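Let's take a walk through this model, one stop at a time. Have the viewer open and follow along.

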Amino acid sequence: MRDTILHLADLHLDASPEARLDDAVRAWLLGARRRILNALASWIARDESRIGLVLIAGDLFDRHDPPQEVVSEARTALAEIARLVPVVTVPGNHDEYSYAQCVYRRGDWPGVLVTSPEPQLVWKGQLGDSVCAVVSATYQAGKVSPGQRLRFPARSQVMGGDDSNGVLIGLFHSTLADHFPDEFVRNERCFVLSHQEAANAGYDYLALGHFHTRREWRIGACLAHYPGPPLGARIADPGSGQLSLVRIRNGTVTLEGLSAGPMVGCQWMFLDVELQPEEKPREVVERIADRCRNVEANSGIAAIHVARLKGNTIHDNLAEQIQNELRAKGVSCTVVADELEEILSPDIEAMAAEESLVGYFVRSWQEWQSRQEVSRAEAMAVLYEGLLALGWHRANN
Ligand SMILES: [Mn+2]
């Protein structure tokens, strides 16, 4: 029974993959991202598929005028999906409908394309045992101002007489005034919605796009959800790794996440590496390499490994050294060090001679170390923790 909605958003299909990845990894990621819609078409075509409606909540493309090749591929795959089940696409702020050259203005778009700046009924039909109605609107410069508050058509107006087991859905590329700070939502080139107003107006589900982190909130009977892209293009924007499935039963909605890796054949894998200040590149490299090998062996899915180094180090260019050693070992893993700080190697004797809080701490530490049997590693960890807590000056200050 096809009783499930596939809620997609923010695929940004033509976004170029992360520059910091190795060439080979960039190529897989590019390929996997370009195959997403095709993979979904085959998945939805299976007899046992429960998908009965596909909603695309904006930013399908990264630009309003993406390369023709990417557009043709996406259109072909979407047309394939639209032959199987209804598909509703609303443009976002990246692929904004306002421009004359906009991708959505180049001839017939497969399925239903939302082009009205006024919220209105764009699709209504049966899903499983329930009647579903989708209300949507497109942000258009000149017709809508940035951060304009959207007014919801009332439930009775949209659902009419067939409201027993009815499910009312709002499909929008928007921010939610209730859940984000005002300065965050005010000047965005998309709508601002009130989740509370949607709940009051009788909406059961808000199928949203714009924020790339998978989030959900519920107010009364109204569930609001941002799915995030299943496979993002960048280290800072890797996507949720999930597909969002909205099950409809007896007029109620429930949200499920399905791991997207097996379908798209590729997934981001982040490894957070906490460093001790004195830890040497070789030791860190071993830790990272072991972990990368284990992931590949266990999942069988191509992984884009990223090691995020965190903490403090006394070694110059540690991230670069680790990256080079990993490459020399044939381990494909991108090392990022945004949260790693280089600190000076402390001159313990000079510090102990200081008439200061730092001097007092170092002398106490020396005494403690001579009384206890502690390993050098443990003693140094205590020393660094104390020095950093005392605001002992850092190399980059
Ligand atoms: Mn957006």
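H225 has a relative accessibility of 1%, so it counts as buried; buried here means under 20% relative accessible area, exposed over 50%, and partly exposed in between, with a 1.4 Å probe and protein chains only. Before we go on, a word on the ground rules: this is a predicted model, where local features need pLDDT of at least 70, side-chain atom pairs count only at pLDDT 80 or more, and totals for chains, interfaces and linings use all residues. Residues are numbered from 1 along each chain as its sequence is written, and side-chain values use heavy atoms, with hydrogens and water left out.

Back to H225, which sits in strand β11 (residues 222–226). Strands are DSSP runs of E with at least two residues, helices are runs of H or I with at least four, and both are numbered from the N terminus. What does the side chain of H225 reach at 2.8 Å? That would be the backbone oxygen of R215. This is a polar contact, meaning a pair of N or O atoms within 3.5 Å; within protein, one must be able to donate a hydrogen and the other to accept it, and residues adjacent in sequence count only if both atoms are side-chain atoms. Leaving aside neighbours within four places in sequence, H225 is in contact (heavy atoms within 4.5 Å) with a list of residues including H7, Y205, R215, E216 and L255.

Now hop to the loop between β1 (4–8) and α1 (23–34), where you'll find D10. Its phi is near 55°, a positive value in a residue other than glycine. H12 lies in that loop between β1 and α1 too, and H12 also has a positive phi, about 45°, without being a glycine. Most residues other than glycine have a negative phi.

Strand β2 (residues 51–57) pairs with β3 in the parallel sense over 4 bridges, where pairing takes at least two DSSP bridges between two strands. Strand β4 (residues 112–113) also pairs with β3 in the parallel sense, over 2 bridges. T89 is a handy landmark: I56 stands opposite T89, and in β4 the bridge partner of T89 is L113.
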